[in-house]
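Here are my notes on the salt bridges. Please keep the structure open while you read them.

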Amino acid sequence: MVDRADASPRVRPADLRHDTPAVAAAVRAYLVQTEEEKRRESGTESAALLVLPERYRPEVDDPSAAYDGCRVLVADLDDRVVGVVVSLARGGITEVKRLWADPRVRGRGVGSALLDAAIADAEGEVRLSVWEWRERAIRLYESRGFRRAESWDPRPRLVCMIRPA
């Protein structure tokens, strides 16, 4: 558990030789929460999610391979990884693929620090997508200059956002 409520997160590049378990755990927590939210939002009753859909397994089983070519940053708080952001720059556009802060430290600037670092490292415009029910995340993105854009993803209820270069 994080002890000091006044500490600020430190964002750094992930060293996937040493940070793999922490990155895998953070990404797994993100994916499990996302799947549970999708079920809840669709009105589907479900037991706790025990197994992730197969399409997500590589990110959890081998983040180093799954994120080859991506920039992976982690946020440390009190010597513990408490968040991760994964981005991919391609063709003058940077896509934020994953952004996660441990729920136990939300409100302490972890997500903001990770997003700011991803933006600072970005090539060109920055794109991301977010589920429409994640209102806090949308407000964070809008506070950093992201605006809703025409969807490039066919999944219903997914909001696509762009921050100009």
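1. At 36% relative accessibility, is R155 buried, partly exposed or exposed? R155 counts as partly exposed, because buried needs under 20% and exposed over 50%. Keep in mind that this is a predicted model.

2. Now look at the partner of R155. The side chains of D153 and R155 form a salt bridge, with 2.8 Å from N to O. D153 has a relative accessibility of 17%, so D153 counts as buried.

3. Next, take E41 and R157. Their side chains also meet in a salt bridge, at 2.9 Å from N to O. E41 belongs to helix α1, residues 20-42. R157 lies in the loop between β6 (147-149) and β7 (158-163). The two are 116 residues apart, so the pair links distant parts of the chain.

4. How accessible are these two side-chain partners? E41 has a relative accessible area of 31%, which means that it is partly exposed. R157 is partly exposed too, with 33%.

5. Then turn to D19 and R12. A salt bridge connects their side chains, with 2.7 Å from N to O. Both D19 and R12 are buried.

6. Finally, the total. The count for the model comes to 20 salt bridges. The pairs described above are among them, including D153 with R155 and E41 with R157.

Conventions
Residues numbered from 1 in each chain as written. Predicted model: local features only at pLDDT ≥ 70, side-chain atom pairs only at ≥ 80, totals over all residues. Heavy atoms only, no water. Salt bridge = Lys/Arg side-chain N within 4 Å of Asp/Glu carboxyl O. Buried < 20%, exposed > 50% of the residue type's maximum accessible area, 1.4 Å probe, protein only. Helix = DSSP H or I, 4+ residues; strand = E, 2+ residues; numbered from the N terminus.
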